[in-house]
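Here are a few exercises on aromatic rings and their neighbours. Try each task yourself before you read the solution.

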Amino acid sequence: MSTDDTRNLKVDIRKLNLFNQMAKEGANTVADHLNQMTGMHTEMEITKTNFLDIEDIKTHVGHDKQVGTLIELTEPPYGHILFLFDAPSAKKLAAGMLGDRGEPAESGFSDMERSAVQEIGNIMTSGFIDGWANVLNTTIDISTPQFTYGTGSKMVDELVGSRRDEMALVFDSRVHAREANVEVKVYTFPELEELVSLMQQIEIT
């Protein structure tokens with residue numbers, strides 16, 4: 001990384017709390033959206049926020065098969081967001097959204113379950129980004145979520161490609177609902193210079 005790049009990534013220490021604010025606001029907005037769309041009383045709790053190297057993220061994600069929803073940020077700070085669930089968690093959320101419509105697939109995911117998980121991913125990612133936008137005083141458009149199912153570390157590898165020197169923001173989180181306790185991992189891959197630039201524009205009172 002060049003000297004210029006390093007200088008561009010400096011953040012006023014008083015603004016470091018913005019990362020926590022982004023996580024909290026994003027989680028609250030996700031819960032509000034899920035409440036409206038599924039009818040389930042839902043809370044989302046962020047338990048930890050970390051910056052991790054890409055290689056460490058692949059270890060963190062693990063090699064088990066997982067369900068993911070992936071979106072691209074089409075405005076600053078750009079980048080991608082990946083929500084990962086284990087299969088039972090994804091099925092619980094899908095069942096809560098589908099209600100009596102359709103039988104769950106005995107193995108894998110039915111078309112209706114895939115559609116439900118994709119819609120839940122849309123709710124969660126748009127809610128999370130709305131929370132970010134509120135903190136950063138901006139708007140952030142996103143792409144249509146993609147449903148993915150496979151090895152978690154491979155998803156990350158395909159997402160980041162050869163960008164080995166990059167880092168990502170990782171939010172450990174849990175979604176609490178009366179019908180289901182669901183583990184959700186949120187991996188965000190913003191363009192760090194763009195994110196820091198947005199943060200530098202915020203006035204600290």
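Before we start: a residue is buried under 20% relative accessible area, exposed over 50%, and partly exposed in between (1.4 Å probe, protein chains only). This is a predicted model, where local features need pLDDT of at least 70 and side-chain atom pairs count only at pLDDT 80 or more, while totals for chains, interfaces and linings use all residues. Residues are numbered from 1 along each chain as its sequence is written, and side-chain values use heavy atoms, with hydrogens and water left out.

**Exercise 1.** Work out how Phe109 and Phe147 pair, and where each one sits.

Step 1: get the cut-offs. Rings of Phe, Tyr and Trp (its six-membered ring) pair if their centres lie within 6.5 Å; planes under 30 degrees apart are stacked, over 60 edge-to-face, and the rest tilted. The structure holds four aromatic pairs.

Step 2: apply them. Phe109 and Phe147 are 5.8 Å centre to centre with 70° between the planes, an edge-to-face pair.

Step 3: place the residues. Helices (H or I, at least four residues) and strands (E, at least two) are DSSP runs, numbered from the N terminus. Phe109 is in the loop between helix 4 (87–98) and helix 5 (111–136), and Phe147 is in strand 4 (residues 146–151), so the pair links parts of the chain 38 residues apart.

Step 4: check burial. Phe109 has a relative accessible area of 10%, so it's buried; Phe147, with 14%, is buried too.

**Exercise 2.** Find which lysines lie over the faces of Tyr149 and Phe109.

Step 1: a charge sits over a ring if NZ of Lys or CZ of Arg is within 6 Å of the ring centre and within 35 degrees of the ring normal.

Step 2: Lys65 lies over Tyr149, 5.6 Å from the ring centre, and Lys91 lies over Phe109, at 4.8 Å.

**Exercise 3.** Name the residues that ring pairs link into a cluster.

Solution: look for Phe83, Phe128 and Trp132.
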